[in-house]
Amino acid sequence: HTVMGLVLMNKGDGERAGSHYAEAAKLAPSGGTYNNYGAWLCSHQRAAESLTWFDQALTDPNYGDRAAAQANAGACAAKAGQYDRVERDLRAALDLDPGNAVALAAMAEEQVRQGRWLEARAFSERRLAAAAPTPAALQLASQIEENLGDRVAAARYVERLRTQFPQARTALPGETSQP
């Protein structure tokens, strides 16, 4: 069921994938199946519900990727508006895996939400060093630099975005929305 969920997600059939992730969690309860189902829930506008599944994943003593569940929990707590647990979960993930790209990106976003631009820059730079860039990571880096007043750095991130992801729709530095 887990593999079928992954295949369906890759084919763009997220709704059917969710039923397979749920079935996998039911038939083979484990940290991995709980984390997968939680991630699916979070990506389908059910962030608050996903947190229970990440918490269950973390109770599995045999789960080998606790950092992933902890990072997913922090990122989804932000989506659910449960800000009291965002930074706690993300810092716990980074304690387990300092290079966890999900935790680093979500921590950069959390620092932006709090208006802590220098801290956001630090997490953003760590995120970009930890894994291949994504359009969202480069856009966030540009936004951070713009808010710190470094228009040259912001423009460099936008240029990277346009070069590496020409299909991505992006806002220019200083803009608040995409064209």
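Analyst: By class, 17 nonpolar, 4 polar and 5 charged residues make up the lining of the largest pocket. The model is a predicted one. In all, 26 residues line this pocket. Those nearest its centre are A75, V102, A105, A106 and E109. The volume of the pocket is about 490 Å³.

Now the elements. Two or more lining residues come from each of α3 (31-43), α5 (66-79), α6 (83-96), α7 (101-113), α8 (117-130) and α9 (135-147). Of these, α7 gives the most, with 9 residues.

One of the contributing helices, α8, also holds L118. Is L118 buried or exposed? L118 has a relative accessible area of 57%. That is over 50%, so L118 counts as exposed. In sequence, L118 and I144 are 26 residues apart. In space, their C-alpha atoms are 8.3 Å apart.

Another spot to look at is on the surface. There, V3, M4 and V7 form a nonpolar patch. Together they have about 240 Å² of accessible area. V3 sits in helix α1, which covers residues 2-10. The relative accessible area of V3 is 61%. Patch members need over 30%, so V3 clears that cut-off. V3 is also classed as exposed, because 61% is over 50%.

Definitions and conventions:
Residues are numbered from 1 along each chain as its sequence is written. This is a predicted model: local features need pLDDT of at least 70, side-chain atom pairs count only at pLDDT 80 or more; totals for chains, interfaces and linings use all residues. Side-chain values use heavy atoms; hydrogens and water are left out. Patches are made of residues with over 30% relative accessible area and no salt bridge: like charges are joined within 9 Å, nonpolar side chains (Val, Leu, Ile, Met, Phe, Trp, Tyr) within 5 Å. Accessible areas come from the Shrake-Rupley method with a 1.4 Å probe; for residues, only the protein chains shown count as cover. A salt bridge is a side-chain nitrogen of Lys or Arg within 4 Å of a carboxyl oxygen of Asp or Glu. Helices (H or I, at least four residues) and strands (E, at least two) are DSSP runs, numbered from the N terminus. Buried means under 20% relative accessible area, exposed over 50%, partly exposed in between (1.4 Å probe, protein chains only). On a 1 Å grid over the protein atoms alone, a cavity is a set of points where a 1.4 Å probe fits but cannot get out, and a pocket is an open set with protein on both sides within 12 Å along at least five of seven lines; lining residues have an atom within 4 Å of a point. Grid points are joined across faces, edges and corners, and a volume is the space filled by probe spheres set on the points. Ala, Val, Leu, Ile, Met, Phe, Trp, Tyr, Cys and Pro count as nonpolar, Asp, Glu, Lys and Arg as charged, and the others, Gly among them, as polar.
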